[in-house]
Amino acid sequence: MPRAWSLKSRPNGMPMAGDFELIDTPGTPLGEGEIRIANHWLSVDPYMRGRMNDVKSYAPPFALGEPMQGGAIGEVVESRADGIAVGDLVQHMAGWRDEAVMPAGHVQKLPALGVPPQAFLGQLGMPGMTAYFGLLTVAEAKPGETVFVSAAAGAVGSTAIQIAKARGMTVIGSAGGSDKCAWCQSLGADVMIDYKTDGSLVRKLLAAAPQGIDVYFDNVGGEHLDAALAAANLHARFAICGMIDVYNSSHATELHYLPRIIGARIRIQGFLVSDYLAQAADFYREMGGWLQEGKLQSQETVFDGLDTMPDAFLGLFSGGNTGKMLVRV
């Protein structure tokens, strides 16, 4: 019988294993226009933490006792839909489970770009699009500028580093631990800050960017956002992608340098990748070209088996991933 992870209780602060429950999902016959998918790869992303709270947001909260959702790649094993055949690989949002049944209009067949299927959950999927549009469209980063990227060893941050370098920018990144910092430098980061070492993050960034920063790509919030405010040049642009520092806390970090928004005329803009899906063709064209030219590298942290999904998710908040976090079903 198919299985899926559900939310048993809403977390208070950091989620715990007991907040999740693996449930059976009765198999259903296909209706006209529907397909059945055997999931092979499941995406694990920080934004999922927000959907565990019963609050109004850009996406509805997960319903208690019901299968959770998230990005997934799977193979069509049964089809009653025109244009979708058995054996097709598709991307969809019915993750956290081993089998999905849905209308064909809710999936996308994978483009033939000659990359492993799971790449469409990473650099060629939501994280890659987030880095691409956040850096180039939201922050309007330009060649010759200095870009600061937090959570630089994550799926979004590591791609943002490489896009910035491909476009001729200087990149300063922040990551936790010497191994992650070394990996980011191998991707092209000019300077890396290990935020886990002793000392003020503000002072570390000011030392790494003595001429200041023009763009901040924020995956973290908190102290990283405050440091970016301290180092920002006149008319700096901040693309706010995520704030993983505060996802499990009700207390926001005090921003000592917030008044610099006024004097430095800093533009701070939050965004969702869904705002830019209509421009996906531009993304695939340029990212596909960089892949073929060898300008993009990726790394994955893979957990094996549906049973490991909560462990993989919790690993996001303890620095347990380098690159994209995935579960192989």
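Tutor: In this predicted model, the contact between helices α1 and α2 brings Pro-127, Gly-128, Thr-130, Ala-131, Tyr-132, Leu-135 and Leu-136 of α1 against Ala-155, Val-156, Thr-159, Ala-160, Ile-163 and Ala-164 of α2. Sorted by class, the residues of this contact comprise 10 nonpolar, three polar and no charged. Helix α2 covers residues 155-166, and its axis comes within 8 Å of that of α1, the two crossing at roughly 50°. Because of that angle, α1 counts as oblique to α2, and the crossing is right-handed.

Lys-324 belongs to strand β15, which spans residues 324-328, and it is buried, with a relative accessible area of 5%.

Leaving aside neighbours within four places in sequence, Ala-153 is in contact with Ser-158, Ala-175, Lys-180, Trp-183, Cys-184, Thr-322 and Gly-323. Between Ala-153 and Leu-316 there are 163 residues in sequence, yet their C-alpha atoms lie 11 Å apart in space.

From here we can turn to the sheet. It is an open sheet of six strands with parallel pairing, in the order β10-β9-β8-β11-β12-β13. At its edges are β10, residues 191-194, and β13, residues 267-270, each of which pairs on one side only, and from one strand to the next the twist averages 15°. Helix α1, made of residues 126-138, packs on this sheet and touches β8, β11, β12 and β13, with its direction at about 150° to that of β11. Within the sheet, strand β8 (residues 146-149) runs parallel to strand β9 (residues 170-175), and four bridges join them; Val-147, for instance, has Val-171 in β9 as its bridge partner.

Another helix, α4 (residues 201-208), lies across β8, β9, β10 and β11 and runs at about 170° to β10. It packs with helix α5 (residues 222-231) at an angle of about 45°, the axes being 9 Å apart, and that angle is why α4 is described as oblique to α5. This crossing, too, is a right-handed one. On the α4 side the contact uses Leu-201, Val-202, Leu-205 and Leu-206, while α5 supplies Glu-223, His-224, Ala-227, Ala-228, Ala-230 and Ala-231. By class, these residues are eight nonpolar, one polar and one charged.

Helix α5 itself is mostly covered, for nine of its 10 residues are buried.

Conventions. Residues numbered from 1 in each chain as written. Predicted model: local features only at pLDDT ≥ 70, side-chain atom pairs only at ≥ 80, totals over all residues. Heavy atoms only, no water. Pairing = 2+ DSSP bridges. Axes fitted to C-alpha atoms, helices over the stretch in contact; angles between N-to-C directions. Contact = heavy atoms within 4.5 Å. Parallel < 35°, antiparallel > 145°, perpendicular 65-115°, else oblique. Left-handed = near helix turned anticlockwise from the far one by under 90°. Nonpolar A, V, L, I, M, F, W, Y, C, P; charged D, E, K, R; others polar. Buried < 20%, exposed > 50% of the residue type's maximum accessible area, 1.4 Å probe, protein only.
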